Amino acid sequence: MKTLYIIRHAKSSWEFDLEDKKRPLNPRGLLDAELVGKELKTLVKTLDLILSSPAVRAYSTAKIINKYLDMPENLFIVKEELYDFDGSKVIETVKKCEDTINSLMIFGHNHAFTSIANNYGSEAIDNLPTCGVVVIEFDCDKWEQINVGKTLHVIRPKFLK
């Protein structure tokens, strides 16, 4: 069995004139990441690897949530391929993961993450909101074999408030 946690970055700020990759989280994004981190702490039993987009908003979301999961730093890796908006590079990266990893958490962006949740999960969603989470379980032993799995959870921050 393989379990994939898909987490869209929290709400980012447009207040500053920065290139897209450098946009920080706004106050709501910081709060939502804390709420989701607390929720995931009760949900996540084991986690083998965390991958994050290098964009500040995704990386910051991942760091805040990881504070609650208490994963060692060496299991937290930034991957350029997760700075992807259509999902092809994200899926390619997931499918290349070592098969010793059974539980994988990824942080990145829409439209990629909504598309992946719909193409690989059993539950259709209109849009994965900022800091939203979709957990999908796959009945296989190799990441390269993942296809449609079972959607276990969909977490929307507004329902945690």
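Hi everyone, and thanks for coming. Some ground rules before we start. Residues are numbered from 1 along each chain as its sequence is written, and side-chain values use heavy atoms, with hydrogens and water left out. Because the model is predicted, local features need pLDDT of at least 70 and side-chain atom pairs count only at pLDDT 80 or more, while totals for chains, interfaces and linings use all residues.

Let's begin with charges. How many salt bridges are there? Taking a salt bridge as a side-chain nitrogen of Lys or Arg within 4 Å of a carboxyl oxygen of Asp or Glu, the count is 10. One of them pairs Glu 19 with Lys 22, with 3.9 Å between the closest N and O atoms. For accessibility, I call a residue buried under 20% relative accessible area, exposed over 50%, and partly exposed in between, with a 1.4 Å probe and protein chains only. Glu 19 is partly exposed at 48%, and Lys 22 is also partly exposed, at 48%.

Next, Asp 20 and Arg 23 form a salt bridge, 3.0 Å from N to O. Here Asp 20 is partly exposed at 27%, whereas Arg 23 is buried at 6%.

Helices (H or I, at least four residues) and strands (E, at least two) are DSSP runs, numbered from the N terminus.

Now to the helix pair. Helix H3 (residues 88–95) packs against helix H4 (residues 112–120) at an angle of about 55°, and their axes are 9 Å apart. Axes are lines fitted to C-alpha atoms, for helices over the stretch in contact, and angles run from 0 to 180 degrees between N-to-C directions. H3 and H4 are therefore oblique to each other; under 35 degrees would be roughly parallel, over 145 roughly antiparallel, 65 to 115 roughly perpendicular, and the rest is oblique. Which residues make the contact? From H3 they are Val 90, Ile 91 and Lys 95, and from H4 they are Phe 113, Ile 116 and Tyr 120, where contact means heavy atoms within 4.5 Å.

Last stop: two residues that touch each other. Ser 52 belongs to strand S2 (residues 49–52) and is buried, at 0%. Beyond its neighbours within four places in sequence, Ser 52 has contacts that include Tyr 59, Ala 62, Phe 76, Leu 82 and Phe 107. Ala 62 lies in helix H2 (residues 56–69) and is buried at 0% too. Not counting residues up to four places away, Ala 62 touches Ser 52, Phe 76 and Phe 107.

For contrast, look at Lys 45 in the loop between H1 and S2. Lys 45 is exposed, at 70%, and its C-alpha atom is 9.4 Å from that of Ser 103, 58 residues apart along the chain.
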